[in-house]
Amino acid sequence: MTATTGTGQPLLALENISKVYPGVIALSDVTLRVHHGEVLALIGENGAGKSTLMKVLGGVIEPSSGTITIGDRHYDRLSVLESQAAGIAFVHQELNVFDNLDVAGNMFMGREIRTRLGFMDIEAMRKAARPLLRRVGASFKPETLVANLSLAERQLLEIAKALSIDARVVIMDEPTSSLTLSETQTLMKVIADLKSDGIAVIYISHRLGEVEQCADRVVGLRDGHVAGELAKHEINHDAMIRLMIGRDLKALYTPPSVASGGTVLSLKGIKNAVNPQSRVNLDIRAGEILGVAGLVGAGRTELAEAIFGIGDILEGELTLAGKTFRARTPREAIDAGIYLVPEDRKRTGLVLESSICENISLADLGTVSRYGLVSQKAQLRRALAQRDRLGIKANDVMRNAAELSGGNQQKVVLGKWLSMNPKLIFFDEPTRGIDVGAKSEIYKLMRGLADAGVGVVMISSDMEEVIGVSDRIVVLREGRLSGELQRAQFSEHNVLKLAVGGN
Ligand SMILES: Nc1ncnc2c1ncn2[C@@H]1O[C@H](COP(=O)(O)OP(=O)(O)OP(=O)(O)O)[C@@H](O)[C@H]1O
Ligand SMILES: [Mg+2]
């Protein structure tokens, strides 16, 4: 089946595209046409082939067969430069930024603005970067070093960079996966502007609410082929789920359990080294899922990291199960039963060049080894169990994690932590880039942990998720706790009010 609806001469066409890797058919005979000024959403489960298809269009990978037409030019394959020259801008799912350059340097990488004498014109690039950053709602400066940006800020940089190219088509592969509601709404405005300028946007997201808001047409991929498409008036949450997984999904959220237990960890006047304004008083209870909301930069990740022994706690007191506690390293936190499932899987959660199996065993070699030797069999058994539990799309768990799709990589990171026995576990954006089916599995797992008496803390920028999953929500603003909401008080409005302050 092909996706062909739409009127007039298409702006671009991908025809009969296949991509075969050893043992994996990533794309099979996919045809996709995109028209001027339309927002086309591409949806599908993790590993369905969305990023692969876009990388073919972006010139990043060579298709095994098929043709690409942009305007009136035909290509069997494209290079990255040809793709850019043809007017394709690409916001990558796995961000393509360089830590050692500043923001402006990243934005004009390979297209540097030069003086008449041929030197790089740093001032001109910074000047050109400023309005683009403003347009995407970024508060950092062109001269900031990228190494100092958070994941969300890097995502904003990637979007601003795409806007700096004089594009006919902008591909956005999960542009909002670490953005909060207000940055996402700014992006929705940017998309509407692009559209009214006649620019086409290809939008990939697992946040179906966003897709519903911005898409003119939805194409669903399933196992590397086109499963069908929805016209604008047919787009709704349930129809998209059916298109992605071929059936209805029963319930996304697991209902909250009865009552929570005693305090697992108590925070008194906690001030971390990253945020000098920070000061947090909070009790985290056994048996509850505590949602932590806040805008980008509110200090949610920093707080969890400080407790976990990454980054120092300058002042204040932590009490774990009645005793004073302070982890100086993650190892000490893990030994005390505190775990952190990190947000940025590439930097702290996942070893790309190791196998799926090794990654799952990485944090806890102790329990799979006997007499100090790592038991390969036990390691394998555990990896297979986690793969099946989380639905990681890989026949062979000995494959390198680098070969997995983005969402499947996230599942490997989760698998690693879930195979242990925590007292308290922090999930930092646990469903970033994860498809709806797997999301509901992860919510069930979190609920299962809470029901077993574990304290579960979920940091999330996905408003629907925070409200759907949490038993209690605390909101951080500029490093401080700005408020707490009980279930009866949950609403987007109330969360946002605490997150931005004022009214
Ligand atoms: N370099 C590679 N070698 C082998 N297989 C690969 C490679 N890159 C991707 N694949 C496989 O191709 C399939 C499609 O992956 P792709 O990244 O396109 O999925 P996706 O739809 O973008 O998923 P997600 O929602 O998780 O981002 C997956 O099964 C993936 O494991
Ligand atoms: Mg992808």
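Before we start, one term: a residue counts as near a molecule or strand if its C-beta atom, placed from the backbone, lies within 6 Å of it. The model is predicted, so local features need pLDDT of at least 70 and side-chain atom pairs count only at pLDDT 80 or more, while totals for chains, interfaces and linings use all residues. Residues are numbered from 1 along each chain as its sequence is written, with chains lettered from A and ligands numbered from 1 in the order in which they are written.

**Exercise 1.** Find out which residues are closest to ligand 1 and which elements supply its shell.

*Solution.* Start with the count: ligand 1 has 21 residues around it, and the closest are Ala26, Ser51, Thr52, Ser405 and Gly407. Next, look at the elements (DSSP runs numbered from the N terminus: helices are H or I with at least four residues, strands are E with at least two). Strand 2 (24–34), helix 1 (50–57) and helix 15 (406–418) each give at least two residues to the shell. Last, sort by class: five are nonpolar, 12 polar and four charged. Here Ala, Val, Leu, Ile, Met, Phe, Trp, Tyr, Cys and Pro are nonpolar, Asp, Glu, Lys and Arg charged, and the others, Gly among them, polar.

**Exercise 2.** Work out the strand order of the open sheet with four strands, and say which strands stand at its edges.

*Solution.* Two strands pair if DSSP finds at least two bridges between them. Now zoom in on strand 1 (residues 12–21) and strand 4 (residues 65–70), which five bridges join. One bridge partner to spot is Thr69 in strand 4, which goes with Ala13.

**Exercise 3.** Describe how domain 1 meets domain 2.

*Solution.* Begin with the bounds, which come from an automatic or database domain assignment: domain 1 is 12–96 + 152–245 and domain 2 is 98–148. Their centres, taken over C-alpha atoms, are 25 Å apart. Then count contacts (C-beta atoms, placed from the backbone, within 7 Å): 13 residues of domain 1 touch 11 residues of domain 2. On the domain 1 side, helix 5 (151–164) and helix 6 (181–196) are the elements giving two or more residues. Helix 5 has the largest share, with nine residues. By class, that side has seven nonpolar, two polar and four charged residues.

Notes. Two residues are in contact if their C-beta atoms, placed from the backbone, lie within 7 Å.
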